[in-house]
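Let's take a walk through this model together.

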Amino acid sequence: METAHALNLQLGWVLVLAGMLAGAALGVGFHGERFLGGYTSWRRRLVRLGHVALVALGGLNVLFALTPCAAAQGGPARVAALAWLVGAVAMPTVCFLTAWRRPFRHLFALPVTALLTAVVATLVHLA
């Protein structure tokens, strides 16, 4: 089985690519005044947030994989690696699901908790 930091590195780059592809797909219709309900609509804001989350959290996973924390085995480093993975997948997923159906907004606690855990566990290990 691959080490956690290798998964963070690989998933990070996959998410960056997915974010760029999502941006390209959104770019096809962004010029339309009413695209996804208009610029300030709930749906369009959430889709933009999901697109940005893919690139940003992919990049943060890549950065994490390059830290000394990622190479460590067990303890806070392992928690951090897994939490970065969960948060990076869950945040854009919840954004896109929420853009589709508003009740999914209640799931935002999952990626937020995972990402807060990732940052705190990374800091604890690096301290």
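This is a predicted model: local features need pLDDT of at least 70, side-chain atom pairs count only at pLDDT 80 or more; totals for chains, interfaces and linings use all residues.

## A walk along the helices

Leaving aside the neighbours within four places in sequence, Pro 92 is in contact with Gly 50, Ala 53, Leu 54, Leu 57 and Gly 87. If you look from Pro 92 towards Phe 108, 16 residues apart from it along the chain, you will find the two C-alpha atoms separated by 9.9 Å.

Let's step back for the overall picture. The chain has 5 helices and 0 strands, so to read it from the N terminus on is to pass α-α-α-α-α. Its C-alpha trace spans about 50 × 25 × 25 Å along the principal axes. Of the 127 residues, 37% count as buried. Take the contacts between residues at least 6 apart in sequence: 72% of them join residues at least 24 apart.

Now for the way the helices pack. Two packed helices are described by the angle between their axes and the distance between the axes. How do α2 and α4 pack? Their axes are 7 Å apart, at an angle of about 165°. That angle makes α2 roughly antiparallel to α4, since the cut-off for this label is over 145 degrees. The crossing in which α2 passes α4 is left-handed. Sorted by type, the residues of this contact comprise 21 nonpolar, 5 polar and 1 charged.

Next, turn to the partner that follows in sequence. Helix α4 covers residues 75-100 and helix α5 covers residues 109-126; their axes come within 7 Å and cross at roughly 150°. These two helices are therefore roughly antiparallel to each other as well, and their crossing is left-handed. On the α4 side, the residues that meet α5 are Pro 76, Ala 77, Val 79, Ala 80, Ala 83, Trp 84, Val 86, Gly 87, Ala 88, Ala 90, Met 91 and Val 94. On the α5 side you will find Leu 110, Pro 111, Val 112, Ala 114, Leu 115, Thr 117, Ala 118, Val 119, Ala 121, Thr 122, Val 124 and His 125. This contact divides into 20 nonpolar and 4 polar residues, with no charged ones.

One member of that list deserves a visit of its own. Pro 76 lies in helix α4, and at 33% relative accessibility this residue counts as partly exposed. Beyond the neighbours within four places in sequence, Pro 76 is in contact with Ala 121, Val 124 and His 125. Leu 11, by contrast, is 65 residues apart from Pro 76 along the chain, and their C-alpha atoms are separated by 20 Å.

In one of them, Phe 64 and Trp 84 have ring centres 6.3 Å apart and planes at 40°, so the pair is tilted. Phe 64 lies in helix α2 (residues 42-65) and Trp 84 in helix α4, so this pair ties together parts that are 20 residues apart in sequence. Are these two residues buried or exposed? Phe 64 is buried, at a relative accessible area of 3%, and Trp 84 is buried too, at 9%.

The other pair is formed by Trp 100 and Phe 104: their ring centres lie 6.0 Å apart and their planes are at 20°, so this pair is stacked. Here Trp 100 counts as partly exposed, at 47% relative accessibility, and Phe 104 also counts as partly exposed, at 27%.

Our last stop is a histidine. His 106 has its place in the loop between α4 and α5. At 58% relative accessibility, His 106 counts as exposed. Look from His 106 to Leu 82, 24 residues apart along the chain, and the C-alpha atoms are separated by 22 Å.

Methods
Residues are numbered from 1 along each chain as its sequence is written. Side-chain values use heavy atoms; hydrogens and water are left out. Axes are lines fitted to C-alpha atoms, for helices over the stretch in contact, and angles run from 0 to 180 degrees between N-to-C directions. Helices (H or I, at least four residues) and strands (E, at least two) are DSSP runs, numbered from the N terminus. Angles under 35 degrees count as roughly parallel, over 145 as roughly antiparallel, 65 to 115 as roughly perpendicular and the rest as oblique. A crossing is left-handed if the near helix is turned anticlockwise from the far one by less than a right angle, and right-handed if clockwise. Contact means heavy atoms within 4.5 Å. Ala, Val, Leu, Ile, Met, Phe, Trp, Tyr, Cys and Pro count as nonpolar, Asp, Glu, Lys and Arg as charged, and the others, Gly among them, as polar. Rings of Phe, Tyr and Trp (its six-membered ring) pair if their centres lie within 6.5 Å; planes under 30 degrees apart count as stacked, over 60 as edge-to-face and the rest as tilted. Buried means under 20% relative accessible area, exposed over 50%, partly exposed in between (1.4 Å probe, protein chains only).
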